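Have the sequence and the 3D view ready as you read.

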Amino acid sequence: MKQISLNTDWEFYESDESMSFVFQRPEAVTVNLPHDFIITKPRSPQAAGGPGNGYFGQGEGVYRKELEAAKSWEGKTVLLDIDGAYMNSEISVNEELLALHPYGYTPFQVDISSALRFDGRKNILKIITQSRQPSSRWYSGGGLYRSVSLWLGERICISPWDVFVTTPEVTEDSAVAEFAVSLTSCEEEERELTLVCEVLDPEGKAAGTASRQVKTSRSGEETPCRIPVTVEKPRRWEPDTPVLYTYRVLVKEGEKIWDTAEDTFGIRTISVDPENGFRLNGRTVKLKGGCLHHDNGLLGACAYAKAEERKIRLLQSAGYNAVRISHYPPSLTMLKICDRLGMLLLDECFDVWRLGKVPMDYHLYFEDWWERDMEWMVKRDRNHPCVISYSIGNEIGERDGRNDGAAWSARLSEKIRSLDPTRFVLSAICGIFGEDTEVGTNFEANILEDKEDGWKEKTKDYAAPLDIVGYNYLNVRYEKDHEAFPDRVICATETHACSTYDYWEGVKKYPWVIGDFIWAAVDYLGEVGVGQVYWKKENKPFQFMAAYPWRTSWQSDFLMTGERRPQSFYRELMWGHTDKTWLFTTHPSHYGDEFYGSGWHWPDVNDDWSFGSEWEGRMVSAVSYGPGEEAEFILNGTSLGRVPYERLTAKMDISYTPGILEAVSYREGKEISRGSLVTAGEAVRILAEPEQDTLKGDGQDICYIRIMITDENGVRLPAEEREIQAELTGPAVPAALGSGNPCTEDQIGQMSCHTFHGTAQLIIKASEAGKIGIAVRSGGLQTGYAAVHAV
């Protein structure tokens, strides 16, 4: 089938009121997709969503687009493909309601052929979305936040997702690529056809082909067919060498080609067992993973290709080899990027089944829709080599056996295997909370419930149908559960930042624990303030989620702008990906104080040795994350002594004197590496640094510009929180301006914000080709200038 993008030039209406009010609104704006209309709405303490969605609002969006349907389309198949719409979508063509789709995260397709006009009149496609809160436990966004397209097929065609390529046999000399293809016919009579399946290597050269005669079924029925294709000397898909082949299927009748289908796939094998763990192409691989929510920071839920790729590249640069998309299917864009870059991916379908977690979440629709949503997820995703498992749910309420939980677990697991028997079925299970459990105050104790090992017995039948049992915050159970269930394969699907060392030691020690996924890899909107640090002397009441103006969770390795936080460098060392030394300090105002948090926190340390003259002579707690046996701290060339590393950490209290603080790591008396902090001078200038020189002038590509406040020598001022303003010239459209500050009243949709740790981020789009000028100003500082070209 031929794919036609519908991502541009939508007429958009928005309302917080009733649907009837929306239809009568005369004003409209033109938007391109992806589009998240909730991110642009003003926030306030009274916003409908509350802390779970970062105090962003809710609303209804109506998207309207004129379609030209050529006369030649009549009698053919026209499918509308929506990769993600949040949520309760209504799809109509020419005022004829064709489909409803309640879930906000699954892709889905609608056959719009019967409602189209082919007489020259415009066809009106209308999509209504309603983001009503609370419907997710995190920031959901609203609207058509992923791509939308049309698929045009002949009367005999292969619908999207109806080609499934597996590689059941792979050796060094050859591989079998088995094609499972379904043909759809609108013809009344059976037809004798030839199905040709081809494999092309990464250079586009023929790598294998096979064909088979096929007799189609009558109109409206699918004709399944299986064809094996042999590929000689296959190159395998692996994280370090993510080789992608192309499959091509031709449907022929004599010399006539009815249809073609083409996409990429990978040749690789996967297996799991408690003795060898997870094996990729026969080699054991420990999963160094992170959990991701779907938002892209300042962009909200919008799944821009550049934003999705940037996120994966950042994680790979820090040592990650796997991501878990939590708790829903990812965008198609994300899947293709992980395929191309070699990032392993855990695919997840649901956060709830019949027992809800917030009043308007998916539990209202699960029983009627789960099978369709799961089928859409698996059929779209099953050709992507990055996908190694499907999760049927995260921390599902029925995990303890209530409401036929074990039967539902078996039912969902079997459904996945019927669609794709080549991947593993997983579910992420946490502790069992009683009615009097106060979540967030004593989480480690709450999860055990171990008087008679009640957790083990209550979850046993639920876990039985799974290939991999996901453990959320349950590392204390790794050994005892292996004794009880010796065939069980465990994956740490969520782990705390503050005890990451212990979690990873368990992964290394036990072969049946295949990996660790930190919660979370990148900071995200919603679940606000869960990772904040509380200082005892401040006497601030503990809250599992914080009050406004907190807007992000603050429990991640990366700021939502992409800046690395200290725990990211620690984890890179822990995984053995670097021998570098990293140096951080706690502000002297907290010296001698005690801190605590929810478990998702990290110590309040920063790369800062610029505390101001009022702090000179005051004690500062310094910490080095590094390799080796001991660290030497050096201040302005004078050694302060050596401290042994314990769990990759060396600490020393130092009297603050401006200058250069260094930490040097030693092994057997020899220097391995050193890190340093330099005292910054007065703020002098703003630097504006684009991450690339060009972007496409199509309104959909984006460019990130890092903004930094420095002294005259280019040293960043790590404590600077100064208001800045951005100005654009040329064909530029601002997408967002902001910082990684988790607690700020800055409005993302405005062209001013405050820096955080001396940095901020501007994201731009381009409406057409041309030179774009960027100026970032702040009173008393030299303006930062930059230029990029839209092509």
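Two rings of Phe, Tyr or Trp (for Trp, its six-membered ring) are called a pair here if their centres lie within 6.5 Å; planes under 30 degrees apart count as stacked, over 60 as edge-to-face and the rest as tilted. Keep in mind that you are looking at a predicted model. How many aromatic pairs does the rule give? The count comes to 46.

Now turn to Phe611 and Tyr656. Is this pair stacked or edge-to-face? The planes stand at 70 degrees, with the centres 5.1 Å apart, so the pair is edge-to-face. Look at where the two partners sit along the chain: Phe611 is in the loop between β32 (595–596) and β33 (619–625), while Tyr656 is in the loop between β36 (649–655) and β37 (660–667). The pair therefore ties together parts that are 45 residues apart in sequence. Phe611 counts as buried because its relative accessibility is 6%, and Tyr656 counts as buried because its value is 2%; the cut-off for buried is under 20%.

Aromatic residues can also gather in groups. One aromatic cluster includes Tyr86, Tyr103, Trp138, Phe350 and Trp408. Rings can have charged neighbours too. The charged end of Arg372 is placed over the ring of Trp369, 3.7 Å from the ring centre.

Next, the cysteines. A disulfide is a covalent bond between the sulfur atoms of two cysteines. How many disulfides does a search of the whole structure find? The search finds zero. Take Cys197, which is in no disulfide: its nearest cysteine sulfur belongs to Cys225, 6.9 Å away.

Our last stop comes from a record. UniProt, in an unreviewed entry, places the feature "domain: Glycoside hydrolase family" at residues 688–783. Over residues 688–783 the chain is 48% strand and 0% helix, and the end C-alpha atoms are 9 Å apart.

Notes. Residues numbered from 1 in each chain as written. Predicted model: local features only at pLDDT ≥ 70, side-chain atom pairs only at ≥ 80, totals over all residues. Heavy atoms only, no water. UniProt positions renumbered as here; feature names shortened; annotations may be inferred. Helix = DSSP H or I, 4+ residues; strand = E, 2+ residues; numbered from the N terminus. Buried < 20%, exposed > 50% of the residue type's maximum accessible area, 1.4 Å probe, protein only. Lys NZ or Arg CZ within 6 Å of the ring centre and 35° of its normal. Disulfide = S-S within 2.5 Å.
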